[in-house]
Amino acid sequence: IQALVLALVVAPTAGELLQCPVKEAALLAREHGAITVRYGVDLPSFSVYRQTPTAARLPLPGELAVIESSRREELESRLGHPVQIMYERGAILLVRNPGPNHAPSLKKKEHP
């Protein structure tokens, strides 16, 4: 009975909870219509929900990117400016690269 409950209730529920942010981000990206890339993540289901392949590279100005929230600072550092968060849930972010002319500059941390 425990194996049946695990297979029919717990596993599908856990899978849905993990996939929900990916699905929502992909549907938002598809609705937005902008070129969307992925940075530092391998989420094949994102491309499935979006119904188009998602290249792995830095987003150009105006493009969207799906990333893990833990990689946001790294991405902003590589771009040289902050990104605009379009969607955030769990560890998944959908961000827009506004371009250097449309983003406030990154504040440098002061060292004591």
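An open sheet is formed by four strands in the order β1-β2-β4-β3, with mixed pairing. Helices (H or I, at least four residues) and strands (E, at least two) are DSSP runs numbered from the N terminus, and two strands pair if DSSP finds at least two bridges between them. Because β1 (36-38) and β3 (84-89) stand at the edges, each with a single partner strand, one side of each is left without a neighbour in the sheet. From one strand to the next, the twist averages 25°.

This is a predicted model, in which local features need pLDDT of at least 70 and side-chain atom pairs count only at pLDDT 80 or more, while totals for chains, interfaces and linings use all residues. Residues are numbered from 1 along each chain as its sequence is written, and side-chain values use heavy atoms, leaving out hydrogens and water.

Strand β2 (residues 64-68) runs antiparallel to β4 (residues 92-96), and five bridges join the two. Leu-64 lies opposite Arg-96 in β4, and Glu-68 stands opposite Ile-92. Helix α3 (residues 72-79) packs on the sheet and touches β2, β3 and β4; its direction makes about 140° with that of β2. Such angles run from 0 to 180 degrees between N-to-C directions, with axes fitted as lines to C-alpha atoms, for helices over the stretch in contact. Contact means heavy atoms within 4.5 Å.

β1 and β2 run parallel and are joined by three bridges. Arg-38 has Val-66 in β2 as its bridge partner.

Four of the five residues of β2 are buried, where buried means under 20% relative accessible area, exposed over 50%, and partly exposed in between (1.4 Å probe, protein chains only). Val-66 touches several residues, including Val-37, Leu-43, Phe-46, Ile-92 and Leu-94.

A nonpolar core is a set of buried Ala, Val, Leu, Ile, Met, Phe, Trp, Tyr and Cys residues joined through side-chain atoms within 4.5 Å. The largest one has 13 residues, of which Ala-25, Leu-43, Phe-46, Val-66, Ile-92 and Leu-94 touch the most other members. Two or more of its residues come from each of α1 (2-32), β2 and β4, and α1 gives the largest share, four residues. Apart from this core lies another of nine residues, among them Val-37, Ile-67, Leu-75 and Val-83.

Technical notes: Lists of a residue's contacts leave out its neighbours within four places in sequence.
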